[in-house]
Amino acid sequence: MTRRHNDLFKMPNDIFDAPLNATELMVLAAVYSLRSRSIHKGVKYVRVNQKTIAALCGLKSTKTVSKAMDKLRRLEYIKRIDRYYDDYKKLGSYVYAIPVIRGRAFFFVNRHFLRFGLTAAQTRMYLYCCKCADSRSMRFWNSYNDICSALHLKRSAVVQTLKELVSLG
């Protein structure tokens, strides 16, 4: 199976250094994975409902998405959050301003990974695997101990989550 460039999106390398929990990482990945034709002065504008983001992430509450978005804005992974009124004077979708990632401070992720129905912990592990993977072969050689120290997890949790990801394909 060949991989198309359109199926990939960029995630910043420093997301694992930030104080983000697994749910916040999942929400950030969902927003970054959305396509947008609106890019102006190094900022990508994405218009989406929080209900849609919750559905993409498998979350039950839009309140969880709202809390995650507030934290992501404070950490400047999202530059600005606007909400406009639609034609019927009712609040419409949110518009998120996301900085376009320049240089080499990113890694590629498959745009369709949210369709797999991963949990927040599995998503965090999947994103870390994508970060560590070689861009050509899509393989990585990190040990369990490397992953444990990078993600601040116990070895048993890392082994179990990787087994789950392998079984999901």
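Start by selecting His152: this residue follows helix α5, and its phi is positive, near 55°. Helices here are DSSP runs of H or I with at least four residues, strands are runs of E with at least two, and both are numbered from the N terminus. You are looking at a predicted model, in which local features need pLDDT of at least 70 and side-chain atom pairs count only at pLDDT 80 or more, while totals for chains, interfaces and linings use all residues. Residues are numbered from 1 along each chain as its sequence is written, and side-chain values use heavy atoms, with hydrogens and water left out.

**Helix α5**

Now select residues 144-151, which form α5, and colour Ile147, Cys148 and Leu151, which are buried (under 20% relative accessible area; exposed is over 50%, partly exposed in between, with a 1.4 Å probe and protein chains only). Look down the axis of α5: its buried residues fall within an arc of 105°, so they line one face of the helix. That arc is taken from the directions from the helix axis to the C-beta atoms.

**Strand β1**

Next, go to β1 (8-12). Four of its five residues are buried. Show strand β6 (residues 106-110) too, as β1 pairs with it in the antiparallel sense over five bridges (pairing needs at least two DSSP bridges). Phe9 stands opposite Val109 in β6.

**The second largest pocket**

Which residues lie nearest the centre of the second largest pocket? Select Leu8, Phe9, Lys10, Lys44 and Arg111, from a lining of 16 residues. A pocket is an open set of points on a 1 Å grid over the protein atoms alone, where a 1.4 Å probe fits, with protein on both sides within 12 Å along at least five of seven lines; lining residues have an atom within 4 Å of a point. About 460 Å³ of space lies in this pocket, counted as the space filled by probe spheres set on the points. β1 gives the largest share of the lining, three residues. By class, the lining has nine nonpolar, three polar and four charged residues.

**Ser33**

Finish at Ser33, in helix α1 (residues 22-33). Is Ser33 buried or exposed? At 5% relative accessibility, Ser33 counts as buried. Beyond its neighbours within four places in sequence, Ser33 is in contact with Phe9, Arg111 and Leu114 (heavy atoms within 4.5 Å).

Note on methods:
Nonpolar A, V, L, I, M, F, W, Y, C, P; charged D, E, K, R; others polar.
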